[in-house]
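Hi everyone, thanks for coming along.

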Amino acid sequence: MDPISERLRARHPQRIDLSLDRMRTLCAALGDPQHRLPPVVHVAGTNGKGSTVALIRAIAEAAGLRVHAYTSPHLVRFNERIRLAGKLIEDQALNAILDRIEAAAFHSGGEATVFESTTAAAFVAMSETPADLAVIEVGLGGVLDATNVIERPLLSVIAPVDYDHAEFLGTDLAGIAAEKAGVLKPGAPGVVARQQEVAMAAIARAGAAVHAPLTVMGVDFDAWAERGGLVFQNQERFLDLPAPGLAGAHQIDNAGVAIAAALELDLPEAAIAEGLKTVRWPARLQRISAGPYGEAARAADAELWLDGGHNPHAARALASFLAERQARAPRPLALICGMLANKDAGGFFAALKDSQATVFTVGFEGAAADPAALAAVARGHGLAATPAGSVQQALDLALRLGAGRVAICGSLYLAGQVLAADRATWPD
C-alpha cells in the first residue's frame with residue numbers, strides 16, 4: 001500500500017456512509033472550495049465513467065485546455081485520483097492538503113470518511129491550481145455522493161446505468177438510475193449514454209424535475225464503428241473520426257458520449273479526433289507486455305489483457321471483446337479472476353459462460369472472495385475452474401497448459417495488484 005493510502009486508512013473511517021451533511025460541513029470549514037472550481041463536467045453512471053472521463057479529458061487537452069480530473073478508485077498510488085492541469089498531484093502537495101483537511105474536520109467536530117476526505121482534498125487542490133475545466137467522477141450513486149456538493153456544473157454526464165453496489169443502491173434499476181441522475185442540476189445540460197428503458201425513464205423524470213435539458217444517445221445522437229474508425233452523428237453534424245484508443249466495442253458508445261459532451265463544450269472536431277487517438281485509461285482491456293506478468297506471457301507467445309470490470313454489465317463487455325478476438329484469431333483462452341466477496345460472481349461468470357475459457361481463481365489483499373468458492377461459482381456456470389495461490393501461479397499454470405490469450409479480470413483491486421508489480425506498469 002502506498003504511503004498516502006496508509007495515512008488515509010489510519011486516520012479516517014473506512015465505511016461507506018452515503019450522506020452529504022458531513023461533506024458540506026467539511027467543505028464549509030475549508031472555505032467551500034467546491035464553489036471555486038473551474039467549470040465542472042460531472043460524470044455519473046455504473047460502467048464506463050472512468051473511460052468517459054479519460055476521453056473527455058483527452059479531447060479537452062487536445063484542444064489546448066488545462067484540465068483537472070478526479071477519479072476513483074486508484075490502482076497503484078492514491079495520487080492517480082487527482083490530476084491537476086494534466087499531471088498527477090505530488091506527494092508533498094497532497095500531504096499538505098490532507099493536513100488542512102484533518103484540521104478542518106477536527107475544528108468542525110466532524111469525522112469525514114476516506115472518500116469524503118479525499119474528495120475535499122481534490123476540491124481544495126483544484127480550486128488552488130489554475131485550469132480551464134474540471135472533470136469529476138462520482139464515487140458511488142449520485143444524489144448522496146460526496147462529489148454532489150457541486151451545485152452548478154457546466155455539464156452533467158450519465159454513463160450506462162446497471163446493477164452494482166446493491167447493498168447501498170438496491171436492486172431496482174429505476175431507483176438506481178434516479179440515484180445516478182442526482183448529478184443533474186437546474187438548467188445545466190446533461191448528456192446521457194444509451195440506457196435500458198426503465199433507467200432512461202427515471203433519468204428523464206429527474207431531468208424534467210430540475211429543468212435540465214438532456215441529450216440522449218440513441219435519440220439525439222449516436223456513434224458506431226465503421227471502416228476501422230468511428231462515425232458520430234447528431235441532428236446537426238456527421239463526423240468521420242478515428243477509432244478510440246481504448247479496446248472493446250463498448251468504447252464506441254463511451255466515445256460517442258464523450259464526443260457529445262465535447263460538442264456541448266464547443267470543442268473543435270480536430271481536438272475530438274486527436275483526443276480519441278491519444279486517450280489512455282489503465283486496467284480497462286489494457287494489453288500488458290511489461291513487468292513480470294507481461295514478460296512471462298510474451299515469452300510464451302501469449303496475449304495478456306487486464307480488465308478491472310467487476311459486475312455483470314462489465315463482464316458482458318469483456319465477453320464481447322474476447323469473442324471478437326477469438327473469432328479473428330482463435331487461441332486457447334484462460335481467465336484469471338479475482339473478485340470482491342460482495343460482488344455478483346454468478347452474474348459475472350454467467351456473462352462469460354460461452355467463452356470456453358479455462359478459469360483460474362485468485363485472491364488479493366482486502367475483502368476478496370475465497371478462490372475456492374469463486375471457482376465453484378464459475379463451475380456452476382459451465383466453466384472449468386481451478387483455484388490458484390496467486391496471479392503468478394495462475395499465469396504460469398495457464399501458460400504451461402497452452403493458453404495463448406489470457407485475461408486477468410474481475411476487480412480493479414486485482415488489476416492494481418498486477419500493475420503494481422513493476423514500476424514500468426504503474427499508471428501515470
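Let's start inside. The largest nonpolar core has 41 residues, and the ones with the most contacts within it are V41, V157, F232, L241 and I259. Helix α9, residues 250-264, supplies the largest share of this core, with 9 residues. A separate core of 34 residues lies apart from it, and C27, Y70, L94 and I97 are among its members. Please keep in mind that what you see is a predicted model.

Back to F232 for a moment. What is F232 in contact with, leaving aside its neighbours within four places in sequence? The list is F221, D222, A223, R237, F238, L239, L241, G256, I259, A260 and L263.

Now for some helix packing. As a reminder, two packed helices are described by the angle between their axes and the distance between the axes. Helix α4 (residues 91-108) and helix α5 (residues 114-127) have axes that come within 9 Å and cross at roughly 115°. The crossing of α4 past α5 is right-handed. On the α4 side, the contact is made by L94, I97, L98, R100 and I101, and on the α5 side by S117, A120, A121, V124 and A125.

Helix α5 has another partner to show you. Helix α2, residues 21-29, packs with α5 at an angle of about 35°, the axes being 10 Å apart. Here too, α2 passes α5 in a right-handed crossing. The residues making this contact are R22, M23, L26 and C27 from α2, together with E116, S117, T119, A120 and F123 from α5.

Next, a charged residue. E179 sits in helix α7, residues 173-180. Is E179 buried or exposed? E179 is buried, yet has no salt bridge: K180, the nearest side chain of opposite charge, is 8.4 Å away. A salt bridge would need a side-chain nitrogen of Lys or Arg within 4 Å of a carboxyl oxygen of Asp or Glu. Not counting residues up to four places away in sequence, E179 touches G141, G142, V143, L144 and L169.

On to the backbone. In general, most residues other than glycine have a negative phi, and most peptide bonds are trans. D266, though not a glycine, has a positive phi of about 60°. D266 is in the loop between α9 and α10, and D266 counts as exposed because its relative accessibility is 67%, where the cut-off for exposed is over 50%.

A283 also has a positive phi, about 65°, and is not a glycine either. This residue is in the loop between α10 (269-278) and β12 (286-287). A283 is buried, with a relative accessible area of 0%. A283 and S411 are 128 residues apart in sequence, and their C-alpha atoms are 9.5 Å apart in space.

For the peptide bonds, look at S72 and P73: a cis bond joins them, with omega about -10°. P73 lies in the loop between β2 (67-70) and β3 (82-84).

My last stop is A407, in strand β17, residues 405-409. A407 is buried, at 2% relative accessible area. Its contacts beyond four places in sequence are W305, L322, A334, L335 and I336. That's my tour, and I'm happy to go back to any of it.

Technical notes:
Residues numbered from 1 in each chain as written. Predicted model: local features only at pLDDT ≥ 70, side-chain atom pairs only at ≥ 80, totals over all residues. Heavy atoms only, no water. Core = buried A, V, L, I, M, F, W, Y, C linked by side-chain atoms within 4.5 Å. Buried < 20%, exposed > 50% of the residue type's maximum accessible area, 1.4 Å probe, protein only. Helix = DSSP H or I, 4+ residues; strand = E, 2+ residues; numbered from the N terminus. Contact = heavy atoms within 4.5 Å. Lys, Arg positive; Asp, Glu negative; His and termini not counted. Axes fitted to C-alpha atoms, helices over the stretch in contact; angles between N-to-C directions. Left-handed = near helix turned anticlockwise from the far one by under 90°.
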